[in-house]
Amino acid sequence: DGIGSGIKANIDATMAISRFLELMRRDFSLRQTFGRLVQTMHQVRGSDLPYAVFTAARILTDGEATVLTYDMPNPLLVSRHSVSVVPGRTFPLENEVITETNLFLEPGEGLLMFSDGVSQAGLGATLRTGWGVEGVLRYTGDLLAQGVPIGNLPQMVHDRARHFWKGTGGDDCSVVGALCRVGNRVNIFSGPPIDRELDIPLAQK
C-alpha cells in the first residue's frame, strides 16, 4: 500500500514489492527480506522518496502460516462458518514496529488480508469513524452465514469498501485471500511416442 492515493501510491507500492520479490529470489529469508524493506521505509519516511506499508504471508504445504505486517491491519482467519481477527505479537524491527502472526491453517480455512484503505473506508465521509476491522469482521461473518463461498470474500469486501468511499475518491483498497485446501497429486509418465509425428501433440497434451 503506497502512501497517499493514485498513481504515486501505485508506483510506491510497485517498487516496494519488486524489491521484496528480488530479495526473495536472492535467497534472503522472509524475515530478512521484510527487515530490509522496513529499514528502507524507516529511512525514507517523511521524504518524497517511494514509501509503502505492507503485509507478507508465507504458507507452507502443511498449513503452517507466518504473516508479517508493517502498519497494516491484522489478517482475518476465515473458515466455512466463522471469521476472527488473528492476534499477533508486536515487536521492534529496524526502528519500526511490526506484527508477526503464526498459525496453522486446516483445509477449508483461509486468510483474508487487506490494506487500511479497507479498514478506514468511508472515514470522515459516509462513515464518521471509518468501517474499521470490526466492521469488516461483521460483514464477512454475515456473508458466511448466508452461505457465500470463502473464495468470493476478497472481491466482496473490496467492493463494499469502495462503496463506502463512494463519491470521495478515498484511499486505495487492496484485499487478498488465501484458501487452504488438500493438494492434488499428479503423476506424469513421460516418454517418446511410437510415432515421431506425435511428439508435439503429446507434449502439448
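Is Arg25 buried or exposed? Arg25 is exposed, with a relative accessible area of 58% (buried is under 20%, exposed over 50%, partly exposed in between, with a 1.4 Å probe and protein chains only). This is a predicted model, where local features need pLDDT of at least 70, side-chain atom pairs count only at pLDDT 80 or more, and totals for chains, interfaces and linings use all residues. Residues are numbered from 1 along each chain as its sequence is written, and side-chain values use heavy atoms, leaving out hydrogens and water.

**Salt bridges**

- The whole structure holds seven salt bridges (a side-chain nitrogen of Lys or Arg within 4 Å of a carboxyl oxygen of Asp or Glu).
- Glu22 pairs with Arg25, with the closest N and O atoms 3.2 Å apart.
- Both sit in helix H1 (residues 7-25), three residues apart (helices are DSSP runs of H or I, at least four residues; strands are runs of E, at least two; numbering starts at the N terminus).
- Glu22 is partly exposed at 30%.
- Glu100 bridges to Arg31, with 2.4 Å between the closest N and O atoms.
- Glu100 lies in strand S6 and Arg31 in helix H2, so this pair ties together parts 69 residues apart in sequence.
- Glu100 is buried at 5% relative accessibility, while Arg31 is partly exposed at 40%.

**Helix H5**

- H5 covers residues 153-164 and reaches 17 Å from first C-alpha to last, close to the expected 16 Å (1.5 Å times one less than its number of residues).
- Its buried residues are Leu153, Pro154, Val157, Ala161 and Phe164.
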